[in-house]
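Visitor: I would like a close look at one part of this model, the hairpin, and then a walk from there through the rest. Please keep it plain.

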Amino acid sequence: MPERLYEIQLTVNGQAVRVPKGSIVAAAIAVAGVDTYRHSVSGEGRAPLCGMGICFECRVTINDQAYCLSCQTLCEDGMRVVTT
Amino acid sequence: MKRLTFDVLVVGAGPAGLAAAVSAAHHGISVGLIDDNPAPGGQIWRGGPDYATSAQAKYWFERANASPLTMLSRSRVIAPLESGALLVETSSGACKVRFEKLILAPGARERFLPFPGWTLPGVMGAGGLQALVKGGLPIAGKRVVIAGTGPLLLAVAAYLKSKGAQIRLIAEQTSWAQLGSFAAHLLRYPNYIRQAGNLGWSLLGVPFRASCWITRAHGTDRLEAVTVRQHNTIVTEECDYVACGFGLVPNIELPAALCCKIVDEIVRVDDWQQTDLEGVYCAGEATGIGGLELSLAEGQIAGLAATGQMDAAHNIFPARQRARQFAALLADSFALRPELRTLAEADTVVCRCEDVQYNVVKQHANWRSAKLHTRCGMGPCQGRVCGAATAFLFGWTQDSVRPPITAARIASLIKVSEDSHHQSKEQQHES
C-alpha cells in the first residue's frame, strides 16, 4: 500500500500536523499532543471511548462544522480541526 | 431531496452485510450497501480492502468488488420513512432510499461499565483502541493495560503489541476454572485452536491474570495508572491507555425503529434470517452476539433468501448451526461476574453525555424514570453507552426507539418535511 506513505498536512487547534494518508482525525489530534477532545457539560476533559461512532466523546469541529466524529472522519489536506 | 431505489438494500457493511450484499447481487438485482464508516469491513475488517490481512477478508472484499453493488459510505440511516423507504444522511446531504427487500446488519458495540476514573482521556474500549490504532493513533512505546473479558482482549493485545505497544497486563475477569473448561471445549473447533495458538505465541511474556478486574483509573488531565483487583490482591499499574472490553451489545436501534420483534435485546429472525416483518431480514451480531463465522453465515443466508435462492441459502444452515454452538460456548465461558456491578461509586459518572452520577441514577426504578428525571441517556449517544451499562447494573430494559435514531443534522430533517410538502402539492395538482 504505497499510498499510505503519502503524508497529509492539517491543523489541530491551529498547530500544523502531518499524518500518513488514511489516518483518522482522532489520530491526528493525538499526534498533535492534545489529550482533551471535548469538555463535558460539567467541564471534564474527554477523549475517544468507543472508537467506532457510537459514544460521541471524540466530537470536534472540522472546517467550522461542529459535532463531527473524529473517529470516523479521514484526514484531508488543509483540514482545520478544533477541539471543544 | 436526492432519491435512490434498490431491489435489495443492506444496512451495515461489516462481514454480515458484505456477505448479504454479495449473495443478493446476481441476475440484474440492484443492491445498495450503506455504512457510516469511510470504508467497508465493519469493525473486524476495518479500513476496507486496502488494509485486509486475512485470506477471508480478502476473499469477501474481492467478491464485493466483483459484484454490481452501490456502496454508500459515510452514510447513516436517520429514520424509517413511509413503508419501503429510509432517510439516510450521506456526506453530501440527506437522501431517501427506497427498497423492495431490506437486510439489516447493524453489528454490535462494546459494553462499557462505569468505574471511578473511566471518563479520563486514555480509558477506552478494547476494540475502540484497536480501531484508533488502525486509524493511525501512535501506540509504539505506549504502556497499555487491557481489562475485561473474552478472546477479544487477547486479539487486541496481540495487535497492539505488534504495533510496538508495551502490554503491561491483561486482566481477565473470568476464572482459570472457566478458562480451562473453555479450552477443553475448544478442542472441538480446530479452526479456533489454531487462532488461539497463534495468539498465545504472540503474547508470550505478557502478564495475564484471571479472576482479575479493573476497579479504578487514576489521573488528573488524562490516565496515569489503573488499579486492578485479583481476589484480595490490589495492584496499581502505570499506563498510558487502558483498553476495556466487557463483551458486546447488539445495535438494535434501527430494527427497533422499524418495529421488528426484539426479545432479550436481540432481533428475532426465522430460519431464513427474516424478521417478523415481511421482506425485512437481519443478520450478524444484532440477532445475537456470535462473531465472524456466524455473521458470514447469517449474511449469506439473508442475501440468498431475500432474492429467492432458497436452496443455496439452505446449504449454509449447517455452518450457521456450528457457529451458533461456538457462540453459546463463548457466552457461557465469559459471563460477567456480579462484582462488576459494584465498581461505580456514588459520584462516578454513569451517563457521559449528560454527566449524570451513579447515586442520582440509582434512585430511579427504571430507565424511563431515570431519563425523564435526570437526563440519563438523553445526550448525543442516545443511551447507547449508559443504556447497556444500566442494563447490567440495574437490570433495566430500554423502551421504544424514536427517530431520529442517531444524532442528525437539522438540514436532513427539514428536507423530509419539504419533500412531503412538495409531494402533497403534486398529489393535489394531479387530482
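Guide: In this predicted model, β1(A) and β2(A) form a hairpin with two residues between them. The two strands run antiparallel and are paired over six bridges. One of the paired positions is Ile8(A), whose bridge partner in β2(A) is Val19(A). The turn holds Asn13(A), which has a positive phi of about 50° although Asn13(A) is not a glycine. Asn13(A) sits in the loop between β1 (7-12) and β2 (15-20) of chain A. Asn13(A) counts as partly exposed because 13 C-beta neighbours lie inside 10 Å, and a buried residue would need 20 or more.

Chain A has another non-glycine residue with a positive phi: Tyr67(A), at about 60°. Tyr67(A) is placed in a strand, β6 (residues 65-69) of chain A. With 14 other C-beta atoms within 10 Å, Tyr67(A) is likewise partly exposed.

Chain B itself is divided into domain 1 (2-109 + 249-331), domain 2 (112-246) and domain 3 (344-394). The centres of domain 1 and domain 3 of chain B, taken over C-alpha atoms, are separated by 31 Å.

Val145(B) has Leu169(B) as its bridge partner in β10(B).

Another set of parallel strands in chain B involves β1, β2 and β3. Strand β1 (residues 2-11) and β2(B) pair in the parallel sense over four bridges, and four bridges also join β2(B) to the parallel strand β3 (residues 69-72). Within these pairs, Leu9(B) has Gly32(B) as its bridge partner in β2(B), while Ile34(B) stands opposite Leu72(B) in β3(B). In a regular strand, side chains alternate between the two faces of the sheet. Strand β2 (residues 31-34) of chain B has Val31(B) and Leu33(B) pointing one way and Gly32(B) and Ile34(B) the other way, and all are buried.

Leu9(B) lies in strand β1 of chain B and counts as buried because 30 C-beta neighbours lie inside 10 Å. Not counting residues up to four places away in sequence, Leu9(B) touches Gly32(B), Val97(B), Phe99(B) and Leu102(B).

Next comes a helix, α10 (residues 317-333) of chain B. The 17 residues of α10(B) reach 25 Å from the first C-alpha to the last, close to the 24 Å expected at 1.5 Å a residue. The buried residues of α10(B) are Arg320(B), Ala323(B), Leu330(B) and Ser333(B). Seen down the axis of α10(B), these fall within an arc of 150°, so they line one face of the helix. On the other side, Pro318(B), Gln321(B), Ala328(B) and Asp332(B) are exposed. The cover over the buried residues of α10(B) includes α5 (176-186) and α8 (291-306) of chain B.

The last stop is a backbone detail. Pro403(B) and Pro404(B) are joined by a cis peptide bond, with omega about 0°. Pro404(B) lies in the loop between α13 (386-394) and α14 (410-430) of chain B.

Conventions. Residues numbered from 1 in each chain as written. Chains lettered and ligands numbered in written order. Predicted model: local features only at pLDDT ≥ 70, side-chain atom pairs only at ≥ 80, totals over all residues. Domains from an automatic or database assignment. Pairing = 2+ DSSP bridges. Expected span 1.5 Å × (residues − 1). Buried ≥ 20, exposed ≤ 12 C-beta atoms within 10 Å, placed from the backbone. Arc of directions from axis to C-beta. Contact = placed C-beta atoms within 7 Å.
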